[in-house]
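Visitor: I would like to learn how to read the features of a model like this one. Could you take me through them one at a time?

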Amino acid sequence: MASARSMMLQALLIAAALVAAAPRVLSDPPPLQDFCVADLKAATAVDGFPCKAPSTVADDDFFSDAMVAAPRTDTNPFGVNSTRATVSAFPGLNTLGLSITRTDLAPGGLNPPHSHPRGSELVLVLEGEVMVGFTSAANRLYSKVVKKNELYVVPRGLQHFQLNVGKGDAVFMAMFDAQSPGLVTPTLGLFAAKPAMSMEVLTKTFLMGEDEVSAMKSKFAGF
């Protein structure tokens with residue numbers, strides 16, 4: 001029978017192995033083949049999309065022109081428009097752990113606070129001046145004005161924003177280490193949820209009366 005000291009050593013070794021493996025568990029797993037172009041019409045999808053049969057894979061599966069056209073920024077009160085090239089729109093990304101988004105900001109435009117639960121974000125400003133900021137779990141704000149050809153990184157899962165602080169339009173690319181990083185916007189989750197969030201939860205969360213909360217909800221009714 002193993003001694004108590006031997007059992008303790010084994011437990012420590014197992015714990016150390018789990019800690020070492022944790023970063024790999026939290027990111028997209030490495031692919032098992034050259035490529036796995038997503039079959040977006042498949043009936044079943046488990047943690048990604050099934051692969052198309054290699055015989056049906058075409059050159060265009062690895063190509064996207066989604067980033068070419070500048071989208072309108074006057075279709076919402078925030079002055080922002082994002083064009084996403086995630087796996088659902090770019091099948092060749094499947095299993096590669098990559099995706100990208102183009103975001104256009106009107107002067108003064110804001111990409112409101114949000115988070116990506118499945119991906120870290122690397123921001124590359126192409127035009128203009130963009131203030132990029134995120135908050136840590138300790139509620140510490142980190143932010144910087146990022147100019148053309150400069151980079152800023154946002155760690156996985158943290159709330160962050162982008163604000164156009166320049167005089168003209170701004171454009172940036174956001175690159176992710178996940179094929180589908182996800183998007184969580186707190187204001188929409190609280191005020192535009194379906195079914196609606198409990199009024200009691202909202203009034204107690206924001207220390208407001210029902211009339212004030214209803215006024216806030218009305219601003220997000222169209223989202």
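Guide: Let us begin with burial: a residue is called buried under 20% relative accessible area, exposed over 50%, and partly exposed in between, with a 1.4 Å probe and protein chains only. By that definition glutamate 121 counts as buried, because its relative accessibility is 3%. Please keep in mind that this is a predicted model, in which local features need pLDDT of at least 70 and side-chain atom pairs count only at pLDDT 80 or more, while totals for chains, interfaces and linings use all residues. Residues are numbered from 1 along each chain as its sequence is written, and side-chain values use heavy atoms, with hydrogens and water left out.

Visitor: Where does glutamate 121 lie, and which residues does it touch?

Guide: Helices (H or I, at least four residues) and strands (E, at least two) are DSSP runs, numbered from the N terminus; here glutamate 121 lies in strand S4, residues 121-127. Contact means heavy atoms within 4.5 Å, and, not counting residues up to four places away in sequence, glutamate 121 touches a set of residues including His116, Tyr152, His160 and Phe176.

Visitor: How is a polar contact read, and which side chain makes one with the side chain of glutamate 121?

Guide: A polar contact is a pair of N or O atoms within 3.5 Å; within protein, one must be able to donate a hydrogen and the other to accept it, and residues adjacent in sequence count only if both atoms are side-chain atoms. The side chain of glutamate 121 makes such a contact with the side chain of histidine 116, at 3.1 Å. Histidine 116 is placed in the loop between strand S3 (110-114) and S4, and it is buried, with a relative accessible area of 8%.

Visitor: Which residues does UniProt list for "binding site"?

Guide: UniProt positions are given in the numbering used here, feature names are shortened, and annotations may be inferred rather than shown by experiment. An unreviewed UniProt entry lists His114, His116, Glu121 and His160 under "binding site". Although these residues are spread over 47 residues of sequence, they cluster in space, the largest C-alpha distance being 11.9 Å. From this set, His114, His116 and Glu121 belong to the lining of the second largest pocket. On a 1 Å grid over the protein atoms alone, a pocket is an open set of points with protein on both sides within 12 Å along at least five of seven lines, and lining residues have an atom within 4 Å of a point.

Visitor: Is histidine 160 buried or exposed?

Guide: Histidine 160 counts as buried, because its relative accessibility is 1%. It is found in strand S8, residues 160-164, and, leaving aside its neighbours within four places in sequence, histidine 160 is in contact with residues that include His114, His116 and Glu121.

Visitor: How should I read a pair of aromatic rings, and how many such pairs are found?

Guide: A pair of aromatic rings is described by the distance of the centres and the angle of the planes. Rings of Phe, Tyr and Trp (its six-membered ring) pair if their centres lie within 6.5 Å; planes under 30 degrees apart count as stacked, over 60 as edge-to-face and the rest as tilted. A search of the whole structure finds 5 aromatic pairs. One of them joins phenylalanine 35 and phenylalanine 62, which are edge-to-face, 5.3 Å centre to centre with 80° between the planes. Both lie in the loop between helix H1 (4-25) and strand S1 (80-85), so the pair ties together parts that are 27 residues apart in sequence. Phenylalanine 35 counts as partly exposed at 35% relative accessibility, and phenylalanine 62 is partly exposed at 40%.

Visitor: What kind of pair do phenylalanine 191 and phenylalanine 220 form?

Guide: Their ring centres are 5.7 Å apart and their planes are at 15°, so the pair is stacked. It links distant parts of the chain, with phenylalanine 191 in helix H2 (residues 186-191) and phenylalanine 220 in the segment after helix H4 (210-219), 29 residues apart. Phenylalanine 191 and phenylalanine 220 are both buried.

Conventions
1 Å grid on protein atoms, 1.4 Å probe; cavity = no way out; pocket = protein on both sides within 12 Å on 5 of 7 lines; lining within 4 Å.
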